Amino acid sequence: MTTPVFLAVLAGALMHASWNALVKVGLDRLLSISLIQAACAVIALAGVAFVPLPQPAAWPWLAVSTLLHIGYNVFLARAYRVGDLGQIYPIARGCAPLLVTLISVFALSEHPSWIGYLGIAVLVLGILCMAFRGGKGPRLERASLINALTTSVFIAGYTLADGSGARANGDAIGYVVWLFLFDGFGMLLALVAMRGVRALPELTRYWRVGLLGGALSIGAYGITIWAMTQAPIALVAALRETSVLFAIAIGIVWLKEPLHRERLLAGGLILGGVILAHWG
């Protein structure tokens, strides 16, 4: 992985952590996530005129990814509803790179160097260690764990689909624009199906926060998809999860959350994994 790609993925991880922090806008989790995804669709709609239609080979990947993103959003909202943010986020994000690595090795025949594998393992270990002291205690309810692990499966699925789709399309930026357009409107349809049309007016009260979160979300994932056309998908997926570390910093500085010794240890593991992944 080259240095420009490495730095770009880190910037995307910071954007990802930032828009997740904006989820706390006063709405419940499902409405907050739907608001940000709807804003993504509005921004993407403005960009459609500047990008070509997806290549025929990319359409199946777009369809699969849209469904996986909707599932991810729904289960992430459920996970946050029954579990603590500090535990759910690290587990959901930490398990995904491991799944991506296994699938990319056996299905896509992508093999990072041994240093890359070591970096992924250390990074995942650090993120999972973060979960043990992320919430009210080390105990995690069964429902919370199931929802977090299900979310990680969706993350791994759409990561692989979008990496393959962007490569098939030959234009990462164009793929991102169409993906967020379909994903945003798809999420609104899912919201209406679950909550009814009466849920839509509630989103308008926070449209400014929604637009900011949408811009950060598109920037974060756009960088990730582009990076997956430049470097092995497994390495990019693992490096992207440094968003957990940025989330901790945002929590300390902005949300005034306490810093535990265990979090410092886990943070050190994450940084070590980042360095090894870069060398790989």
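Helix 1 and helix 9 are roughly antiparallel to each other, because their axes cross at roughly 150 degrees and angles over 145 count as roughly antiparallel, under 35 as roughly parallel, 65 to 115 as roughly perpendicular and the rest as oblique. This is a predicted model: local features need pLDDT of at least 70, side-chain atom pairs count only at pLDDT 80 or more, and totals for chains, interfaces and linings use all residues. Residues are numbered from 1 along each chain as its sequence is written, and side-chain values use heavy atoms, with hydrogens and water left out.

Back to the pair. Helix 1 is residues 3-21, helix 9 is residues 207-228, and their axes come within 8 Å. Helices here are DSSP runs (H or I, at least four residues), numbered from the N terminus. Axes are lines fitted to C-alpha atoms over the stretch in contact, and angles run from 0 to 180 degrees between N-to-C directions. The crossing of helix 1 and helix 9 is left-handed; that is, the near helix is turned anticlockwise from the far one by less than a right angle, and clockwise would be right-handed.

Who touches whom? Contact means heavy atoms within 4.5 Å. The contact has 10 nonpolar, six polar and no charged residues. Ala, Val, Leu, Ile, Met, Phe, Trp, Tyr, Cys and Pro count as nonpolar, Asp, Glu, Lys and Arg as charged, and the others, Gly among them, as polar.

Next, helix 7. Helix 2 (residues 29-47) and helix 7 have axes that come within 7 Å and cross at roughly 145 degrees. That crossing is left-handed. Among the residues that meet are Leu30, Gln37 and Leu45 of helix 2, with Phe180, Asp183 and Arg195 of helix 7. By class, there are 15 nonpolar, four polar and two charged residues.

Helix 7 (residues 172-195) also meets helix 6 (residues 142-169), with axes within 8 Å and a crossing of roughly 125 degrees. Helix 6 and helix 7 are therefore oblique to each other. Their crossing is right-handed. Ala161, Asp162, Gly165, Ala166 and Asn169 of helix 6 face Ala172, Gly174, Tyr175 and Leu179 of helix 7 in the contact. These divide into five nonpolar, three polar and one charged.

Last, helix 11, residues 243-253. Which residues are buried there? Ser243, Val244, Ile248, Ile250 and Gly251. Buried means under 20% relative accessible area (exposed is over 50%, partly exposed in between; 1.4 Å probe, protein chains only). They lie on the same side of helix 11, because they cover an arc of only 165 degrees around the axis.

Note on methods
Helices (H or I, at least four residues) and strands (E, at least two) are DSSP runs, numbered from the N terminus. The arc is that of the directions from the helix axis to the C-beta atoms.
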